Amino acid sequence: MANVTVIGAQWGDEGKGKIVDWLASRADAVVRFQGGHNAGHTLVVGDKTYKLSLLPSGIVTGTLSIVGNGVVLDPWHLKAEVEKLEGQGVEINPDNFAVADNCPLILPIHRDLDGLREAAAGSGKIGTTGRGIGPAYEDKVGRRAIRVCDLAHLDHLEPQLDRLCAHHDALRAGFDQPPIDREELLAQLREIAPFVLQFAQPVWKRLKKVRKAGAKILFEGAQGVLLDIDHGTYPFVTSSNTVSGTAAAGSGLGPNATGYVLGIVKAYTTRVGSGPFPTELEDEVGKGIGERGHEFGTVTGRQRRVGWFDAVLVRQTCAISGVTGIALTKIDVLDGLDEVKICTGYRLHGKIMDYFPSHAADQAAVEPIYESMPGWKESTAGARSYADLPANAVKYIQRVQELIETPVALVSTSPQREDTILMRDPFMD
């Protein structure tokens, strides 16, 4: 049995939560390997809806769920999310949930800095969630982070606090803010430490044991490849690597553990926040797709921008992230349209391009080249076999598959876990 790595192959919000939940019911362990609580996953199981932003999706099925070292962890949010899920009847304990003891912490000062920077950025706003993710990653690579393991040694935290405060106090002064209240920060950490430490452990060791036993591991990515700090639409990106290769570094398992790479792809395109979006629709068609698709962010509630499917972008993200097959989601949102369009290339200053350029000015200037296909009036909602799909929907899926040069492994036809058409089983390939 193969392990499976799930990533978003667009700008995030592709419906990873439902697919990961569906796969998690067949996995032995689920691992989050990057990002923070800026990742929103909505799971619909029967008549219950669960909204997660930090915990791995497997937690609702009782599957062993692990937050890997590549994640930046807000301990207060962790506590709130655990308590919310427990209130919905989900059991969470050290037997089915673990946090890497070398995870960097998101602190209140990170949230403060995130907000101060965005407020001062003017037209240069990135469109962050304001949750401190970026500043926490900065402190990680700046070697001044406070980590989960430090919560067990708070009486010996002075050297780390010296490094942290030397950096942040200078930044805060620039924003006319007072220096860090070290005693207040220590008091907050002492209060939250017992809750976090009950789950803390060297998860690489636990995963090694799980893997040695022949268990199936599902690696759960957050955001999407187009938000990758290296490969995304920089600077309008997140602060971590979102590509599949990060599963190795962000979990403590080697690169040969990641297995089948499943890219989640929406049947159209959306993005939240600022940044280039070649196929964006600002007309009634785009508005209609957004309304039918309930395109609002799980974490922020912000309305998502909507556009036609961009095969150039997805072909690029599949290549960069080594995608084995894709899961095509929300095909039902396109039901009823007279025609559907797919972007097959770009025109930039009179030149035809088959890839998305790296420079922000070029990204903003590209013009999409479209291929039109007839739509379908029949409903695809709830379909569970290929034979249930309208002929034009099948043609659309096949054309997407050809253009992105990656096979479609499954199609999702509603938020419900069971409404999934399986062409290839990622755990069997």
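Predicted model: local features only at pLDDT ≥ 70, side-chain atom pairs only at ≥ 80, totals over all residues.
The partner of Arg182 is Glu158: their side chains meet in a salt bridge, 2.6 Å from N to O. Arg182 belongs to helix α6 and Glu158 to helix α5, so this pair ties together parts that are 24 residues apart in sequence. Glu158 is partly exposed too, with a relative accessible area of 40%.

Now, let's stay with α6 for a moment. How far apart are the end C-alpha atoms of this helix, and does that agree or disagree with its number of residues? The helix runs over residues 182-197, and at 1.5 Å a residue its 16 residues should span 22 Å; the end C-alpha atoms are 21 Å apart, so the two agree. That said, α6 does have a kink of about 35° at Glu191, shortly before the proline Pro194.

At the start of the helix, have a look at Asp181. One of its side-chain oxygens reaches to within 3.3 Å of the backbone nitrogen of Glu183.

Which residues of α6 are buried? They are Leu185, Leu186, Leu189, Ile192, Ala193, Phe195 and Val196. As a reminder, an α-helix has 3.6 residues a turn, so residues three or four places apart point the same way. You can trace that spacing on your screens. The cover over these buried residues includes α2 (75-87), α3 (108-120), α5 (158-174) and β7 (200-201).

One is between Lys266 and Glu295, with the closest N and O atoms 3.1 Å apart. Lys266 sits in strand β9 (residues 260-266) and Glu295 in the loop between α9 (284-292) and β11 (305-307), so the pair ties together parts 29 residues apart in sequence. Both Lys266 and Glu295 are buried. They also belong to a network of salt bridges that links Asp13, Lys266, Glu295, Arg304 and Lys330.

My last pair is Arg305 and Glu280, whose closest N and O atoms are 2.9 Å apart in a salt bridge. Here, too, distant parts of the chain are linked: Arg305 is in strand β11 and Glu280 in the loop between β10 (269-271) and α9, 25 residues apart. Glu280 is partly exposed, at a relative accessible area of 25%.

Thanks, everyone, and I'm happy to take questions.

How values were computed. Residues numbered from 1 in each chain as written. Heavy atoms only, no water. Helix = DSSP H or I, 4+ residues; strand = E, 2+ residues; numbered from the N terminus. Expected span 1.5 Å × (residues − 1). Bend = angle between axes of the 7 residues up to and from the residue. Buried < 20%, exposed > 50% of the residue type's maximum accessible area, 1.4 Å probe, protein only. Contact = heavy atoms within 4.5 Å. Polar contact = N/O pair within 3.5 Å; in protein donor to acceptor, adjacent residues only side chain to side chain. Salt bridge = Lys/Arg side-chain N within 4 Å of Asp/Glu carboxyl O.
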